[in-house]
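Here are my notes for your review. Please read them with the structure open.

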Amino acid sequence: MAVFKTLKSWFFFYLLFLVTFSECFVPEYEAVLNKIDSERASAPTQEQAAQDVLARLLPNHVSSFELRIITKDNCGGKSCFQIENHPSSGLHKGAPEIRILGTTGVELCAGLHWYLKHWCGVHISWDKTGGAQLNTVQRLGFLPRVPDGTLTIQRPVEWNYYQNVVTASYSYVWWTWERWEKEIDWMALQGINLPLAFTGQEAIWQKVFQSEAFNLTKAELDDYFGGPAFLAWARMGNLKRWGGPLPQTWLDQQLHLQIKILRRMRELGMTPVLPAFAGNVPAAITKKFPSAKVTRLGEWNTVDGDMRYCCTFLLDPNDPLFVDIGKAFILQQIKEYGGTQHIYNCDTFNENQPPTDDPSYISALGAIVYKAMNAADEDAIWLMQGWLFSSDDQFWKPPQMKALLHSVPVGKMVVLDLFAEVKPIWSRSDHFYGIPYIWCMLHNFGGNLEMYGLLDVVGSGPIEAATSPNSTMVGVGMCMEGIEQNPVVYDLMAEMAFHNSTVDVKNWIETYARRRYGESTAGARIAWKMLHQSIYNCSDGIADHNGDVIVEFPDYIPKRLVSLSRDPLRKRLGAIDIFSESHLSSRQQLLVHPQHMWYSPQDAAEALQYLLASADALSFSKPYRYDVVDLTRQVLSKLANQLHAQIMEEYRLSNFEKMNNSSQILLELISDMDELLGASEEFLLGPWLESAKALATTDDEKKLYEWNARTQITMWFDNTPDKPSPLHDYGNKMWSGLTRDYYLPRASIYIKYLKQSLHTNTPFAFQEWRREWIALTDDWQAASNLYPTTATGDSLEIATTLYEKYADLIVNTRDLQLASKKVM
């Protein structure tokens with residue numbers, strides 16, 4: 001295998017790498033790392049936790065592996081795992097065949113995964129993306145031997161970070177312990193040792209704010225906490241109250257769940273990252289402490305600046321209450337959770353600007369934020385998302401960045417370079433001006449289901465950052481907003497925690513196809529080669545958020561070739577020309593133009609054709625079936641965009657007949673899409689809604705949770721009868737049921753008004769369209785009708801039929817009308 005041919009050369013490269021990289025460490029940082037190591041669970045506890053992961057993954061092979069903890073001294077002072085042939089192998093029946101040694105339970109699991117991946121051809125993914133492919137694991141007594149007897153893999157950097165602060169809302173919100181246990185197993189197998197642990201923090205805040213020191217009431221906290229599906233943004237001070245109030249049963253359930261999550265993470269030797277106080281406070285603080293220095297922040301994405309939900313309150317860091325609250329919060333967590341691992345996440349200005357760009361103010365703010373952590377934990381390290389430096393780079397210029405980064409003792413802050421695969425900050429800040437950082441892949445926004453990735457960048461970017469002059473990189477990470485999509489991207493990114501040289505993605509992707517399906521076919525190999533070169537090789541520097549017309553139907557006024565200056569209707573339109581784009585919001589203006597398209601749709605369609613050609617050989621494989629549905633969905637979604645563009649052009653030219661035909665094709669395509677998605681359990685709406693309702697203990701809670709679940713994936717935030725939320729469809733999902741009952745009727749409404757406009761020779765009824773669409777949304781969000789939780793139909797047969805049905809349209813997108821007869 002190619003991966004092992006280069007292993008011997010790693011050693012020499014690694015020595016050079018360590019000499020350069022070690023310069024970034026400072027005594028304060030190393031001291032905390034040593035303390036974290038000394039406080040990990042005992043070796044027997046970690047070994048047993050790793051053994052339990054093995055038992056859940058391969059129950060029939062528990063006796064085949066011996067898992068044993070070793071010290072860093074056995075690994076050159078670094079975290080590592082070792083894979084070796086067991087000395088007892090073959091001596092007697094049932095003897096262990098492979099020994100995995102590791103410095104933590106995570107290293108044991110990562111070593112197990114590395115062996116299964118590279119010797120047994122295994123693929124491990126989320127259940128919602130096809131699940132694990134374990135059929136290629138050899139039977140007991142016949143596991144492959146390790147060449148040369150032993151292999152040692154050191155981590156080139158200490159940390160493998162996981163999660164975004166909003167993943168908790170887009171993906172984890174309705175999870176029970178059963179699902180969390182699977183996720184923590186997945187984390188361990190991927191080598192993740194620094195996971196965010198944000199579940200249940202509202203219960204901690206309740207205990208703090210209702211204590212004698214602050215004396216707030218449950219009602220006052222109801223105005224502070226967001227609803228279950230919107231907690232992430234309430235935590236960051238973007239909104240308040242929306243989707244609430246939180247029932248006490250929710251608070252209690254989530255705290256209990258967090259305790260189990262932390263216990264398991266610690267048993268495996270992980271270092272869970274806990275939240276810290278960022279300055280956001282309930283409005284009632286201003287009444288209980290009238291002299292407190294509290295600023296009301298600006299509006300964040302509400303309609304008409306609704307004060308019920310926007311303009312949250314930020315406590316001035318110079319106010320004595322700041323340290324009091326921050327210290328109390330961390331101490332309460334330590335009490336509830338039985339300790340801490342000393343690393344805390346805190347993001348004071350996530351998409352909220354400081355009131356001034358004065359570096360001295362920013363420096364003082366950062367110092368107080370850290371002081372509040374340090375007051376409770378003298379070994380605290382502040383882990384900060386670097387998203388603010390990317391999302392608001394006009395404000396965060398070098399003086400402001402340096403002021404914040406250097407406000408904390410060097411070694412006491414670690415920054416997440418959150419969007420490094422597209423917009424790296426390390427390269428334009430000389431590695432964060434000397435502050436340790438983690439190279440992160442953001443990749444996904446809103447938990448959208450969009451095939452997308454930058455595999456070549458993932459395979460090289462962390463290496464470039466770690467080996468460039470003055471590097472202060474201490475880890476790699478995955479910071480997606482939503483999980484359970486694009487498994488190929490996460491497979492490679494997780495692996496980068498153990499690579500210290502650039503990965504040849506061309507060779508890697510061929511191996512991936514074989515591992516994922518459990519069998520190699522010419523069709524699958526060619527398909528994945530094409531996908532690597534197209535869908536998974538975005539290089540345009542644009543952040544991908546799925547705005548395909550099916551899931552985010554454009555909310556703008558279409559233009560026609562009419563002379564408004566001579567049109568008597570103009571007198572009734574007032575001073576604003578509704579056919580210009582100037583009055584539209586920036587987001588609406590973007591929607592007037594084509595959606596993000598970074599590859600040839602014909603290439604993706606051809607890849608689908610090759611993938612479908614392997615159906616007879618690979619139909620047994622769940623990952624294969626998932627990929628077929630996902631790629632068919634992707635191809636048809638892009639075709640829908642092109643159909644929509646055709647409809648808009650035909651409307652502009654006032655060609656009613658052609659527009660009518662194209663519209664019928666589009667609506668039929670959306671309906672067909674729902675049938676395809678309904679044949680795959682990974683693309684169903686039902687499980688999302690049912691998992692929300694399953695957490696309820698009363699009918700009122702059930703209604704609240706279902707409304708939260710439905711609202712997050714549609715309108716997202718508040719609206720009026722004729723104004724949609726600026727965040728509408730941000731969390732869109734291409735799921736069966738949602739496509740049929742929401743996306744299809746919405747497209748039909750828009751097309752209805754297009755036809756009415758041409759038929760009556762009047763302007764497009766924009767406000768009428770909006771009111772009808774918003775009414776549809778409000779009704780759907782408030783509904784309680786059931787959706788299937790099991791798939792119906794044969795996904796491969798449906799995908800093949802749809803490919804054949806739309807093949808001419810896909811290939812010849814320049815003349816959609818000629819091909820329409822075949823579809824109609």
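Are Tyr-742 and Trp-780 buried or exposed? Both Tyr-742 and Trp-780 are buried. Bear in mind that this is a predicted model. My points follow.

1. Start with the aromatic pairs. The whole structure holds 58 of them. One is formed by Trp-528 and Tyr-536, which are stacked. Their centres lie 6.0 Å apart, with 15° between the planes. Trp-528 has a relative accessible area of 3%, so it is buried. Tyr-536 is buried too, at 2%.

2. Next, return to Tyr-742 and Trp-780. Their ring centres are 5.9 Å apart and the planes meet at 40°, so this pair is tilted. Tyr-742 sits in helix H30 (residues 738-760), and Trp-780 in helix H31 (residues 766-782). The pair therefore ties together parts that are 38 residues apart in sequence.

3. Ring pairs also build a cluster. Its members are Tyr-170, Phe-230, Trp-233, Trp-242, Trp-300, Tyr-309, Trp-707, Trp-716, Phe-717 and Tyr-730. Please check this group in the viewer.

4. Gln-712 deserves a look. It belongs to helix H29 (residues 699-712). Its relative accessible area is 0%, so Gln-712 is buried. The side chain reaches the backbone oxygen of Ala-229 at 3.1 Å. Leaving aside residues up to four places away in sequence, Gln-712 touches Ser-169, Tyr-170, Ala-229, Phe-230, Trp-688, Gly-731 and Lys-733. Tyr-170 and Phe-230 are also members of the ring cluster.

5. Two charged side chains lie over rings. Lys-733, a contact of Gln-712, lies over the face of Trp-735, at 5.9 Å from the ring centre. Arg-560 lies over the face of Tyr-651, also at 5.9 Å from the ring centre.

6. Now the sheet. Eight strands form an open sheet, with parallel pairing. The order is E6-E5-E15-E14-E13-E12-E11-E7. Strand E6 (194-195) and strand E7 (274-275) stand at the edges. Each has a single partner strand, so one side of each is left without a neighbour in the sheet.

7. Within the sheet, strand E11 (residues 343-345) pairs with strand E12 (residues 381-385) in the parallel sense, over three bridges. Ile-343 has Ile-381 of E12 as its bridge partner.

8. Which helix packs on the sheet, touching strand E14 and strand E15? Helix H18 (residues 455-467) does. It touches E14 (437-441) and E15 (473-478). The direction of H18 makes about 170° with that of E14.

Conventions
Residues are numbered from 1 along each chain as its sequence is written. This is a predicted model: local features need pLDDT of at least 70, side-chain atom pairs count only at pLDDT 80 or more; totals for chains, interfaces and linings use all residues. Side-chain values use heavy atoms; hydrogens and water are left out. Helices (H or I, at least four residues) and strands (E, at least two) are DSSP runs, numbered from the N terminus. Buried means under 20% relative accessible area, exposed over 50%, partly exposed in between (1.4 Å probe, protein chains only). A polar contact is a pair of N or O atoms within 3.5 Å; within protein, one must be able to donate a hydrogen and the other to accept it, and residues adjacent in sequence count only if both atoms are side-chain atoms. Contact means heavy atoms within 4.5 Å. Rings of Phe, Tyr and Trp (its six-membered ring) pair if their centres lie within 6.5 Å; planes under 30 degrees apart count as stacked, over 60 as edge-to-face and the rest as tilted. A charge sits over a ring if NZ of Lys or CZ of Arg is within 6 Å of the ring centre and within 35 degrees of the ring normal. Two strands pair if DSSP finds at least two bridges between them. Axes are lines fitted to C-alpha atoms, for helices over the stretch in contact, and angles run from 0 to 180 degrees between N-to-C directions.
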